[in-house]
Amino acid sequence: MTTAETTEHHRTPRKLGLSRERRAIWEGRPSLPVRALKIIIIAAIVIIMLYPFASMIMQSFAGFGANMRATLIPSKFTLDAYRSILGGGIVTRAMMVSAFITIVGTAIAVVLTTTLAYSLTRTKDVPGSKVVLYLVLFTMLFSAGIIPNYLLVKELGLLDSYWSLIIPTAISAFNMVVIRNFFMQIPGELIESARVDGASDLAIFARIILPLSKAPIAVITLFYAVGYWNSFFNALIYINSPEKYPIQIVLNRYVLMGSPLDQIQNPGGVAPPPVSIQMAVVVVATIPILLVYPFAQKYFAKGVLTGAIKG
Amino acid sequence: MRRSGWMYALMLPGLVYFIVFHYVPLAGNAVAFQDYSPFLGVQGSDWVGWSNFVALLTDPQAINAIKNTLIVSLLQIVFAFPAPILLALLLNSLLSTKITRFVQSVVYLPHFISWVIIVSIWQDVLGGAGPVSELFASLGLGHINIMTNPDTFKILITSQVIWKDIGWGTIIYFAAMLSIPTDLYESAACDCAGPLRRMWHVTLPGILPVTLLLLIIRLGHVLSVGFEQIILQQPAVGVQVSDVLDTFVYNRGLVGGDWGIATAAGLVKGVIGTALVLGANKLAKRAGTEGLF
């Protein structure tokens with residue numbers, strides 16, 4: 001934490017400056033071939049990173065018989081693929097399942113993580129909390145394995161239930177540690193003065209700790225939400241009924257394994273090409289991530305540093 | 001003593017979660033010592049001692065899975081581990097902040113995308129009907145399908161890991177580079193050190209501690225290679241080249257119903273993994289870094 005912060009202070013003047021100001025006198029201007037080489041490498045990296053996304057988006061709009069490979073732009077542009085997958089049917093259903101799991105799961109995860117983190121901030125005067133902290137930390141070191149987890153979910157009667165996708169991953173020990181580190185840095189005087197005024201531990205949590213921790217809570221909220229949206233493995237082993245499939249499973253079945261999407265609606269009469277439909281499903285599954293990406297990028301980088309340094 | 005009732009009330013749900021979902025399954029590893037039958041349950045199944053472990057170590061598929069795991073890990077340590085360092089050095093040498101920011105927001109993106117989506121769009125580009133295959137065909141080399149070629153599968157998944165996480169990996173190296181005092185660069189420049197020599201004598205030594213720490217952590221996780229990434233692509237290339245420890249556990253136990261051996265494989269992996277992380281942490285401390293814990 002401290003390292004990351006000092007780093008940022010140190011950097012601020014250089015980072016915010018315009019390119020010309022950033023360059024110190026001694027840095028000099030690189031020679032033309034060096035600059036050209038750097039530009040070529042960077043352009044290549046950007047193209048390699050973005051091309052698959054661009055190709056996926058463009059193909060999802062391609063109509064039947066459209067030829068687009070060379071230019072990326074489809075010769076016949078249509079929304080048919082989207083109409084057919086979003087007009088009800090399994091993709092629409094899976095998007096709703098994923099949205100439900102993401103929203104409910106994230107809410108539960110954030111509440112459980114912050115309350116546990118707060119309850120473990122005063123290991124000195126809350127007897128037993130140090131033991132609980134070590135119990136949590138140990139799970140980062142050793143995890144039980146795939147089969148025992150499956151047997152537990154089975155014994156609890158959660159197989160083929162949405163809760164099997166929510167509860168087993170409700171608290172990440174890593175996120176708990178990140179949040180707890182932040183709580184620990186809140187000045188003790190603030191808490192002491194509230195206590196002198198007769199505030200209970202719960203009131204201190206709700207009125208002092210939480211309002212001061214909006215940024216790190218935003219970080220773990222994004223961590224959990226992206227995690228729930230992207231989660232695939234738990235659904236693969238716990239969910240059997242097709243109507244309960246989240247979107248990642250539907251992607252695997254219908255895009256990767258190529259099972260035909262039945263229940264497809266064809267409003268125009270002519271079905272869009274299968275590739276367009278597949279890519280439209282991929283686009284639809286990617287959009288929520290793209291929507292949170294600007295926030296995620298800003299906050300996650302900070303979260304990774306705070307977590308990594310104190311891990 | 002202050003009354004701490006609320007603290008315990010807030011602790012309880014989280015504590016129950018960790019006991020039920022982390023410690024009960026730990027005990028569930030008892031299945032590794034049983035001839036487990038789902039109908040009899042853990043309590044009713046017969047105990048068979050170490051025989052599942054013996055069977056595991058003589059099982060050609062298990063040995064193949066261990067071999068694949070180690071090869072994939074080695075490829076990732078040699079190629080995927082240094083990739084973010086190179087990218088961070090390149091970005092750090094750029095003088096335009098705007099370009100650096102733009103490239104960062106492009107290269108971080110795949111980190112947030114699920115493996116299912118990544119494999120889907122890679123298949124679209126590198127598969128038999130994709131533009132790469134078309135390019136080969138137009139050069140007279142015939143269509144190729146990189147996604148279904150078992151011979152190059154391990155290189156393929158290593159490339160995917162680099163593509164997904166090269167940008168994300170730079171964050172920590174950036175932080176380390178930015179914490180190098182500017183005076184070091186200045187005095188190096190006064191001694192007539194050009195950009196390359198400044199990189200060699202100032203930047204690289206500056207990021208060495210964090211690099212060592214991350215390398216040691218990576219070595220500790222040598223038995224864990226991406227489960228989701230591999231299981232998604234296993235049908236395309238076959239089990240022989242793609243089976244790793246985690247997929248072996250999944251295929252043998254959950255798909256094949258051979259619970260005892262699968263659990264034993266998972267337990268062996270967990271114990272060795274923990275020992276490696278602990279050992280790696282000790283090494284990190286001996287190397288002069290703070291270590292993990």
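These questions and answers walk through a predicted model.

Colleague: Is A:Phe205 buried or exposed?
Modeller: A:Phe205 sits in helix H11 of chain A, which covers residues 201-212. A residue is buried if 20 or more other C-beta atoms lie within 10 Å of its own. A:Phe205 has 21 such neighbours, so it counts as buried.

Colleague: Leaving aside neighbours within four places in sequence, which residue of chain B is A:Phe205 in contact with?
Modeller: Contact here means C-beta atoms within 7 Å. Within chain A, the contacts of A:Phe205 are A:Tyr118 and A:Leu210. From chain B, the partner is B:Leu10.

Colleague: How far apart in space are A:Phe205 and A:Ile220?
Modeller: In sequence, A:Phe205 and A:Ile220 are 15 residues apart. In space, C-alpha to C-alpha, the distance is 17 Å.

Colleague: Is A:Asp160 buried or exposed?
Modeller: A:Asp160 lies in the loop between helix H7 (146-155) and helix H8 (163-166) of chain A. Its phi is positive, about 65°, although A:Asp160 is not a glycine. A:Asp160 has 12, so it counts as exposed.

Colleague: What is the radius of gyration of chain B?
Modeller: Chain B comes to 15 helices and two strands. For its 293 residues the globule rule gives 19 Å; chain B is well over that, so it is more spread out than a compact globule. Its C-alpha atoms fill a box of roughly 80 × 75 × 35 Å along the principal axes. The radius of gyration is 24 Å.

Colleague: What share of the residues of chain B count as buried?
Modeller: The count runs over the 293 residues of chain B. The buried share is 39%.

Key:
Residues numbered from 1 in each chain as written. Chains lettered and ligands numbered in written order. Predicted model: local features only at pLDDT ≥ 70, side-chain atom pairs only at ≥ 80, totals over all residues. Helix = DSSP H or I, 4+ residues; strand = E, 2+ residues; numbered from the N terminus. Contact = placed C-beta atoms within 7 Å. Rg over C-alpha atoms; globule rule 2.2 N^0.38 Å.
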